[in-house]
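Reader: I have the sequence and the model open. Please take me through the contacts and the sheet.

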Amino acid sequence: MGIRFILMVNKQGQTRLAQYYEYLTLEERRTLEGEIVRKCLARNEQQCSFVEHRTYKIVYRRYASLFFLVGVDNEENELAILEFIHLLVETMDRHFGNVCELDIMFHLEKAHFMLEEMVMNGCIVETSKNNILAPIQLMDKAS
Amino acid sequence: MKEYIIRLVYIEMLGHDASFGYIHAVKMTHDDSLYLKRTGYLAVTLFLNEDHDLIILIVNTIQKDLKSDNYLVVCAALNACCKLINEETIPAVVQQVVDLLGHAKEAVRKKAVMVLHRFFQKSPGSVNHLVSNFPKRLSDNDPGVMGATLFPLYDLITIDVNPYKDLVASFVNILKQVAERRLPKTYDYHQTPAPFIQIKLLKILALLGSGDKKSSEQMYTVIGDIMRKSDTASNIGNAILYECICCISSIQPSPKLLETAADAIANFLKSDSHNLKYMGIDALGRLIQISPDIAEQHQLAVIDCLEDPDDTLKRKTFELLYKMTKSSNVEVIVDRMIDYMISINDNHYKTETASRCVELAEQFAPSNHWFIQTMNKVFQHAGDLVNPKVAHNLMRLIAEGFGEDDDTADSQLRMSAVESYLKIVDEPKLPSAFLQVICWVLGEYGTADGKYSASYISGKLCDVAEAHSSDDTVKAYAVTALMKVYCFEKAAGRKTTLLPECQSLLEELSASHSADLQQRAYEFRAILDLDANAIENIMPLDASCEDIEIDTSLSFLDNYVQKAIEQGAEPYIPENERSGTLNISKIRNHNAYEISTHSLRFEAYEVPKPVVPAKIPSTVTYPTDLVPVTATISEPSYQPSVQPTWPLVPVSDAGSALGSTELKLRLDGVQKKWGKPTYSSGASSSSTSNFELDRNTVNGATKPDTAISKPREPRQSHVEVSEEKQKLAASLFGGTTSRSERKQSGKVSRTTNHGEDKVQSATVTVPITTAAQAQPHPPDLLDLGEPVGYTSSYSSTVDPFKQLEGLLDLSQDVNATAAGTSNGPDLMSLYSDADTNGNSNQNLNPVNGSVNPSKKPALLTKGPSLKDALDKDALVRQMGVNPTGQNPNLFSDLLG
């Protein structure tokens, strides 16, 4: 199952969104996030966007103050995941219009809905922005 | 209510327990409003794991929602299914999910496929009859559904390829259509048609084509097309290229494709982007398995990657080196790996690197000498992370040396080992396993050449025992070593007096809590009182390679067994043939066991046992010093009788005999790696005669005469080698240069020059490029993305950097806007971390109110964070450029 978790973390290391595709206890999540964020924040732009951590490979990408971290298992194509992050950001950008950290904070559920449309069970199932956003727009209209 | 639930999600996300509110999330899934319902489902999936007690409450709701007319409700329920349904509840929903595979809405079909995929992963048994649904869905009209179907199919094909061979044609066909842009435009990503589907298809083809010529041939054209079309300027194009290379290296090789793949790899490695280099190294590691030659042309790039400060890249490169190690380059590679091992402090990777070093050294070691040196290093630095077996192999190697033809070399080897250990032994922190090796070697060979006096060696050994008073195993090794040293002295007819510290050590150990240590101490004393002749018999010089003869058929028990049977006992039935007679054989077992322990007692105590997991230590032969008991203390019961007249073997002894033969065999296997003709022949003989054979060869080879000989030469040659190595490592970039050596030596010098040039040029250009990148953007824009209100420390860290750059005016701007946006913090602090919350609110006002001057002292007091802050800020500048460059609209609202 390719993707094991997706995290969005700001520059201070505060988690802004977390989605795990395998169950970890609260305590495990906290330590995992702490370790990974410390590792990733310490890297500079020249270094490559992949970090190995225990059995995970972390692919990360930075947008302004927000880090997107995706933990994958070993067979996954790292570059593709890197582009998946960008696709996610583009999708959010299209929905929120110039997305920023605050958008994700105040519309956490929407960010999650988008993720739910894109990734199920750790697999990337939808990459068409129209298809991802259609249900969310419908729900917005209905409510 | 929704707001509260989302706040609960936040609480959990920040690492605090919110279980008090779970029930409300469950309740919200019943809500009529779609939005609330979906939020409820979302919260539930985030809170609960599939075995939580509340799940049972949700299953009912899910069932109801799966029947809903509104497809969005169905989707929400399916999402929840994907995370919450456990093995027991699968039957409750599985039929509904299967029905939904035929739903009119493609979104529902897609999600239903994924739910089934999840069920299949969870418990293959419960959905096995539904597996045939997946290939059917492959021909779905909607590309999304088709794409989703690839995931379960990939899993199925991983498990068993054969039933899906006939799908090769359709997969190739789909891939071709995707590559020819037959899919709707919306699936394009940066002008690349449906890249994620392409990648998944390539993965599947790689599985299907592996080892199958016919299938592979069907793929060649389409893979070639994709590689030609792919856009090497974009990441996603390269991702597809990389996947193609993986596929090519997995299927039956086609020369033309291999060539294209090699070109693609060359491009990856030439690239400036570390990401691409990383992919290139990985791809190279894959391709090298089928065409080893292609590494040659990339050696410079590989060296660069090895030199790179980036840890990820380095580790990947070591992985590659590990794959391409040969006997010709093993020295440099293992040296490099050890250096790297020393430099990292993550135990997980240290263990991994250490075991790889050991593995390579065992497989490819050019000389025993080098092997010992390497092992020393590994032990010293990775210590207890190394597998204890390795320590035994090392001792065995030192004991047996090169084999029978070369006694001088043997003793040279031993002397160099003694020499190096004497140097190392005083170091304060040595791992236990290594100390054991040291003690053993010093005891066995420390005084062998007469260079070091017995008192010197024994003094060292006493030091070891004292310094590691908490480690019984080390102490046991030390005492045994001491015993040997004194025995050898006495046997040689020299006068010996026990050192005072040795005396006190003995006294201490005689009262030890450990029975093992006590026993050793008493044995030591007893042996010291014997005369020289007896001692020589008990402790012959250099006897470690002799094997104790083990009569595996236990023929000496024949009489006893016979008698027992005559007295009416039941005959022994081997364990695997017996069913209900356990009782009797147990008793017999016990007796037999007692006898055998008795006769072999001496040996059992001779060796500390934690290293080898032997059930019955008495009969296991160790590679360490074994004292031939039978020779000296004649035990009539243990005369090796030639013909086992009684073919039945008591269970326990059969087991232990088996264990010992296994051990023997394994060690022989190791031995074989060293390419000694004698031992390979020994290993090839059958397992029972193995002991005999071993013993003969060893007796022939290393009789006492080897012990006292030539101290000089070995050391010199050793020094020379290590110097040479150092020179090599220092002057060259090591690593791959030895590979070039193998080809032509002229290449070596070129390698170095080029490498140095490259390093220099790199260091020169880096600052320029970063400056250039940072320039065009006003430096403050990135910091605005930050909700400034969070931590005052952050906003204060921003300033000094700008002051350094003389951008004061800009930074004031920043602060102005920062103060503006930070009016929000009251709102945001609701969401912000609890611990920063207090701080930020208090600090916020003074910081925002006063501009630069007041911040500077605040920063100075921060002390250590100053440098971090600067680094971080530099990082911000550089990192932020990337996304905004690619998508200028992103975050543009923040740029003001």
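Reader: Which residue meets A:Lys110 in a salt bridge?

Author: This is a predicted model, in which local features need pLDDT of at least 70, side-chain atom pairs count only at pLDDT 80 or more, and totals for chains, interfaces and linings use all residues; side-chain values use heavy atoms, with hydrogens and water left out. Residues are numbered from 1 along each chain as its sequence is written, with chains lettered from A and ligands numbered from 1 in the order in which they are written. A salt bridge is a side-chain nitrogen of Lys or Arg within 4 Å of a carboxyl oxygen of Asp or Glu. At 3.4 Å from N to O, the partner of A:Lys110 is A:Asp140.

Reader: How many residues apart are A:Lys110 and A:Asp140?

Author: Helices here are DSSP runs of H or I with at least four residues, and strands are runs of E with at least two, numbered from the N terminus. A:Lys110 is in helix α4 (residues 108-118) and A:Asp140 in helix α5 (residues 129-142), both of chain A. The pair links distant parts of the chain, the separation being 30 residues.

Reader: Which residue of chain A forms a salt bridge with B:Asp310?

Author: Between chain B and chain A the count is six salt bridges. In the one formed by B:Asp310, the closest N and O atoms are 2.9 Å apart, and the partner is A:Arg43.

Reader: How many residues of chain A are in contact with chain B?

Author: Contact means heavy atoms within 4.5 Å. On the chain B side 88 residues take part, and on the chain A side the number is 81.

Reader: What is the strand order of the open sheet in chain A?

Author: Two strands pair if DSSP finds at least two bridges between them. Strands β1 (residues 3-10) and β5 (residues 66-72) of chain A pair in the antiparallel sense over seven bridges. The five strands run in the order β2-β1-β5-β4-β3.
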